[in-house]
Amino acid sequence: PTKMIRRILFAATLLATFVPVTQAAYTILVKPTSEECFKVATPSVPVTLSGSYDMLDDETDPNDLKVVLLETDTGHVMWEPRVDARDAIFKFQTTPSKRYSFCFQNKLEGEDTSDEIPIGFNIRVGPILRTLPDNEQGPDDKRA
């Protein structure tokens, strides 16, 4: 099922070229000593890449899971959650035509299914929203 999820995620990000916002939400089990990475390809214009993850088993120690979002080709870390985080949210502007990998690594070494870590996560690819600096008003705030 992981290959199928990767294909669906890749297809969804390809649609980001034509659709203003692409969203994908998943639940996975990461087996002991394994890593699961999900790749996102961005279109030829800068976009916002955002999302979140959540450890679904409250009994699992957050230090047993390593989470990182990398630029796939360079391995440059774009985002990591704080230490001991059970869940986190990320958001950043991408470089055009890049690939990013959202990776989950289970650091447990057992072979028991109780050592699998269930994770829920989502990824969104969307347009960069225009914003103004603090204390600055746009034309919609002016009276006619």
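Visitor: What do strand 4 and strand 5 form, and how many residues are between them?

Guide: Keep in mind that this is a predicted model. Strand 4 and strand 5 form a hairpin with five residues between them, and glycine 75, which sits in the turn, has a positive phi of about 80°.

Visitor: How do you know that strand 4 and strand 5 pair?

Guide: Two strands are said to pair if at least two bridges are found between them. Strand 4 and strand 5, the latter covering residues 77–79, have two bridges and run in the antiparallel sense, so they meet that requirement. One place to look is leucine 70, whose bridge partner in strand 5 is valine 77.

Visitor: Which other strand pairs with strand 4, and over how many bridges?

Guide: Strand 7 pairs with strand 4, again in the antiparallel sense, over seven bridges. Within this pairing, valine 68 stands opposite cysteine 103 of strand 7.

Visitor: Why is strand 4 called largely enclosed?

Guide: Five of the seven residues of strand 4 are buried, and therefore the strand is described as largely enclosed by the rest of the structure.

Visitor: What makes proline 46 buried, exposed or something in between?

Guide: The class between the two cut-offs runs from 20% to 50%, and proline 46, with a relative accessibility of 41%, therefore counts as partly exposed. Its place is in the loop between strand 2 (35–41) and strand 3 (48–55). Leaving aside neighbours within four places in sequence, proline 46 is in contact with Thr94, Pro96 and Ile128. Proline 46 and glycine 126 are 80 residues apart in sequence, while their C-alpha atoms are 9.3 Å apart in space.

Visitor: How many bridges join strand 3 to strand 6, and in which sense do the two strands run?

Guide: Seven bridges join strand 3 to strand 6, and the two run antiparallel. Glycine 51, for example, has phenylalanine 90 of strand 6 as its bridge partner.

Visitor: Which residues of strand 6 are on its covered face, and which on its uncovered one?

Guide: Ala88, Phe90 and Phe92 make up the covered face, whereas Asp87, Ile89, Lys91 and Gln93 make up the uncovered one.

Visitor: What makes up the largest nonpolar core, and which residues have the most contacts inside it?

Guide: The largest nonpolar core has 26 residues, and those with the most contacts inside it are Leu49, Tyr53, Phe102, Phe104 and Phe121. Among the elements that give two or more residues to this core are strand 4, strand 6 (87–93) and strand 7 (99–106). The largest share, five residues, comes from strand 8.

Visitor: Which residues lie nearest the centre of the second largest pocket?

Guide: Leu65, Lys66, Pro81, Arg82 and Val83 lie nearest its centre, out of a lining of 13 residues. The second largest pocket has a volume of about 170 Å³, and its lining divides into seven nonpolar, one polar and five charged residues.

How values were computed: Residues are numbered from 1 along each chain as its sequence is written. This is a predicted model: local features need pLDDT of at least 70, side-chain atom pairs count only at pLDDT 80 or more; totals for chains, interfaces and linings use all residues. Side-chain values use heavy atoms; hydrogens and water are left out. Helices (H or I, at least four residues) and strands (E, at least two) are DSSP runs, numbered from the N terminus. Buried means under 20% relative accessible area, exposed over 50%, partly exposed in between (1.4 Å probe, protein chains only). Contact means heavy atoms within 4.5 Å. On a 1 Å grid over the protein atoms alone, a cavity is a set of points where a 1.4 Å probe fits but cannot get out, and a pocket is an open set with protein on both sides within 12 Å along at least five of seven lines; lining residues have an atom within 4 Å of a point. Grid points are joined across faces, edges and corners, and a volume is the space filled by probe spheres set on the points. Ala, Val, Leu, Ile, Met, Phe, Trp, Tyr, Cys and Pro count as nonpolar, Asp, Glu, Lys and Arg as charged, and the others, Gly among them, as polar. A nonpolar core is a set of buried Ala, Val, Leu, Ile, Met, Phe, Trp, Tyr and Cys residues joined through side-chain atoms within 4.5 Å.
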